[in-house]
Amino acid sequence: MEQSRIEQFREQLLKEKERLEGDLSESAVKTDGHWETKRQQFDEAGRFEEEERADEVEEYENESSIDRQLETRLADIAIALHKIDAGTYGICERCKKTIDEARLTANPAARAHVNC
């Protein structure tokens, strides 16, 4: 693959990384290299009804699930960027053959062929 194309993928990955970190920072805080969903401040004085507390817990669980997905995607992007720097970008981690450019266009952080 041409170096100019690899640089295009790097730019795509960096833009996505920036966007994901922005999205995560709205609902999570970065602690020790990992993102943790911000916890709701539950009313300790008991002013909330039980249903309201259940809604808050459900919302937290939903946010936490989304945050984990975003963090996983960020990790994949970090691996792809590392591979670009190491000169191993676009090589399937399973069969060690070149990943099709169409696959990388669809997912620049792809680590393997679709069928591997």
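Which residues line the largest pocket? In this predicted model, the lining consists of Lys 17, Glu 21, Lys 30, Gly 33, His 34, Trp 35, Glu 71, Leu 74, Ala 75, Ile 77 and Ala 78. Residues are numbered from 1 along each chain as its sequence is written. Because the model is predicted, local features need pLDDT of at least 70 and side-chain atom pairs count only at pLDDT 80 or more, whereas totals for chains, interfaces and linings use all residues; side-chain values use heavy atoms, with hydrogens and water left out.

The protein contains three helices and two strands, arranged from the N terminus in the order α-β-β-α-α. Helices (H or I, at least four residues) and strands (E, at least two) are DSSP runs, numbered from the N terminus. Of the 116 residues, 29% are buried, where buried denotes under 20% relative accessible area, exposed over 50%, and partly exposed in between (1.4 Å probe, protein chains only). The accessible surface comes to about 8200 Å², and carbon and sulfur atoms account for 46% of this area (Shrake-Rupley method, 1.4 Å probe; for residues, only the protein chains shown count as cover). Among contacts (heavy atoms within 4.5 Å) between residues at least 6 apart in sequence, 49% join residues at least 24 apart.

Helix 1 has 25 residues, which at 1.5 Å a residue should span 36 Å; the end C-alpha atoms are 37 Å apart, in agreement with this value. The expected span is 1.5 Å times one less than the number of residues. The buried residues of helix 1 include Phe 9, Leu 13, Leu 20 and Leu 24, together with Arg 5, Arg 10 and Glu 16.

Empty space was then examined. Rolling a probe the size of a water molecule over the atoms shows where such space is left. On a 1 Å grid over the protein atoms alone, a cavity is a set of points where a 1.4 Å probe fits but cannot get out, and a pocket is an open set with protein on both sides within 12 Å along at least five of seven lines; lining residues have an atom within 4 Å of a point. Grid points are joined across faces, edges and corners, and a volume is the space filled by probe spheres set on the points.

The largest pocket holds about 160 Å³ of space. Helix 1 (3-27), strand 2 (34-37) and helix 2 (50-86) each supply at least two lining residues, and helix 2 gives the most, with five. The lining comprises five nonpolar, two polar and four charged residues; Ala, Val, Leu, Ile, Met, Phe, Trp, Tyr, Cys and Pro count as nonpolar, Asp, Glu, Lys and Arg as charged, and the others, Gly among them, as polar.

Two residues of this lining are described further. Trp 35, in strand 2, is buried, with a relative accessible area of 15%. Glu 71, in helix 2, is likewise buried, at 19%. Their C-alpha atoms are separated by 6.9 Å, although the residues lie 36 apart along the chain. Beyond four places in sequence, Trp 35 touches residues including Glu 21, Leu 24, Glu 71 and Leu 74, while Glu 71 contacts Leu 24, Gly 33, His 34 and Trp 35.

One cavity of 30 Å³ or more is found in the whole structure. The largest cavity holds about 40 Å³, and its lining divides into seven nonpolar, two polar and two charged residues, among them Ile 79, Tyr 89, Ile 99 and Arg 111.
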